[in-house]
Amino acid sequence: MRNRILELLRASGSEAVSGEEISRQLDISRTAVWKHIQTLKNEGYEIDSLPKRGYVLREIPNRLYPQEILAHLQTKWLGHAICYEDLVDSSNNLGKKLANEGCPDGLIVVAEEQGAGKGRLSRGWISPHAKGIWFSIILKPSFLPEEASKCTLMAAVAVVKAVNKIKGVKAAIKWPNDILLNGKKLVGILTEMNAEFGHINHIVIGIGINTNATPDDYPEEVKHLAVSIADAATEPFTRVELLCDILKNMEELYEVACKEGFVPVFEEWRKYSCTLGQEVKVIAPDVTYFGTAVDIDEQGLLVVRKTDGTMDKVVAGDVSIRPAAAKNGAYS
Ligand code: BTN
């Protein structure tokens, strides 16, 4: 019912909607209207109550409330089911639990804060309250488990396209799944899968985007590595609209991948890559070496020409890009 009241207020913009009108349209008492308005105010909606005129919605809270996401979402099915939490340990963990319990395909878990956000290679992910978009997408694809890791590259494309629509932001993808802005980490993606031989039960694609986090949000040792959209944006943006844009991109890419395979998705990935053509340091589980990143193959693996001229494909591990201006200096 609250959502319908919000819809009425939204639709009438700066014009007041009377309590009587709301009560008539929704067939509820005036007292019920008043109570719902109080709840909305407690959730952070700024609603003016104007004597003899009614209610005006002045401001929407900076929260990823499902009703706000649904009011902006333009997908056919992705993100239509939303699990929203103010605080979770990890949206991926909750996503896996919900998937095991049989949640719908395309459900998203959205959290304002994560107490124990997870990164790749058993690292953590700092997720301060309302200063990022910390979310997980549950997919139940019919393609083979071998294809699942390609979803990480697909998610990176969906995100980079959306963040780059914000004026002032020019981010790029570092293989396989980091999105960098001015050489610092803006986005991390962690894909987890539950599968049997030849069959995926579900994939959980966890995406963390720093939107408004500041150096104070990070421990000393990682402060210099992270960046937020707000650091570069030259126009206002909202987390809700950005999330909806990402979901729209993701749905489109996923439908293409399911129909035609990942080749078109990888074409897009190449356009946004800051890894290809660069000198890189590859830190694989068993060996570290230098070379030039040449391409990604049909599996999404990074193809590297080593300094001795031989070719290699990076399956797992970390890749650092060697900055052009500091060939013997640090790697990002
Ligand atoms: C990485 O770059 O190491 C991956 C970071 C992934 C972070 C996101 S935030 C939402 C989701 N929930 C988690 O616990 N992790 C992912």
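A salt bridge is a side-chain nitrogen of Lys or Arg within 4 Å of a carboxyl oxygen of Asp or Glu. In this predicted model, Lys 248 and Glu 252 form such a pair, with their closest N and O atoms 3.2 Å apart. The two residues sit 4 places apart in helix α8 (residues 239-260), so about one helical turn separates them. Lys 248 is partly exposed, at a relative accessible area of 26%, and Glu 252 is also partly exposed, at 42%.

The structure holds 24 salt bridges. One of them joins Asp 318 to Arg 123, with 2.8 Å between the closest N and O atoms. This pair links distant parts of the chain: Asp 318 belongs to strand β15 (residues 318-321), while Arg 123 lies in the loop between β4 and β5, 195 residues apart. Asp 318 counts as buried, with 18% relative accessibility, whereas Arg 123 is partly exposed at 45%. Another salt bridge brings together the side chains of Lys 150 and Glu 147, at 3.0 Å from N to O; here Lys 150 is buried, with a relative accessibility of 5%. A network of salt bridges also links Lys 96, Lys 118 and Glu 192.

Attention now turns to the interior. In soluble globular proteins, nonpolar side chains tend to be buried together. The largest nonpolar core of this model contains 67 residues, and Phe 135, Ile 137, Met 154, Leu 186, Ile 205, Ile 207 and Ile 209 have the most contacts inside it. Helix α6 gives the most to this core, supplying 11 residues. Apart from this core lies another, of 16 residues, including Leu 6 and Tyr 45.

Open spaces complete the picture. By type, the lining of the largest pocket comprises 14 nonpolar, 15 polar and 8 charged residues. The second largest pocket has a volume of about 400 Å³. Its 22 lining residues include Arg 120, Ser 149, Thr 152, Pro 176 and Val 315, which lie nearest the centre. This lining divides into 11 nonpolar, 7 polar and 4 charged residues. Strand β9 gives the most to the lining of the largest pocket, with 5 residues, and β9 likewise gives the most to that of the second largest pocket, with 5 residues.

Definitions and conventions. Residues are numbered from 1 along each chain as its sequence is written. This is a predicted model: local features need pLDDT of at least 70, side-chain atom pairs count only at pLDDT 80 or more; totals for chains, interfaces and linings use all residues. Side-chain values use heavy atoms; hydrogens and water are left out. Ala, Val, Leu, Ile, Met, Phe, Trp, Tyr, Cys and Pro count as nonpolar, Asp, Glu, Lys and Arg as charged, and the others, Gly among them, as polar. On a 1 Å grid over the protein atoms alone, a cavity is a set of points where a 1.4 Å probe fits but cannot get out, and a pocket is an open set with protein on both sides within 12 Å along at least five of seven lines; lining residues have an atom within 4 Å of a point. Grid points are joined across faces, edges and corners, and a volume is the space filled by probe spheres set on the points. A nonpolar core is a set of buried Ala, Val, Leu, Ile, Met, Phe, Trp, Tyr and Cys residues joined through side-chain atoms within 4.5 Å. Buried means under 20% relative accessible area, exposed over 50%, partly exposed in between (1.4 Å probe, protein chains only).
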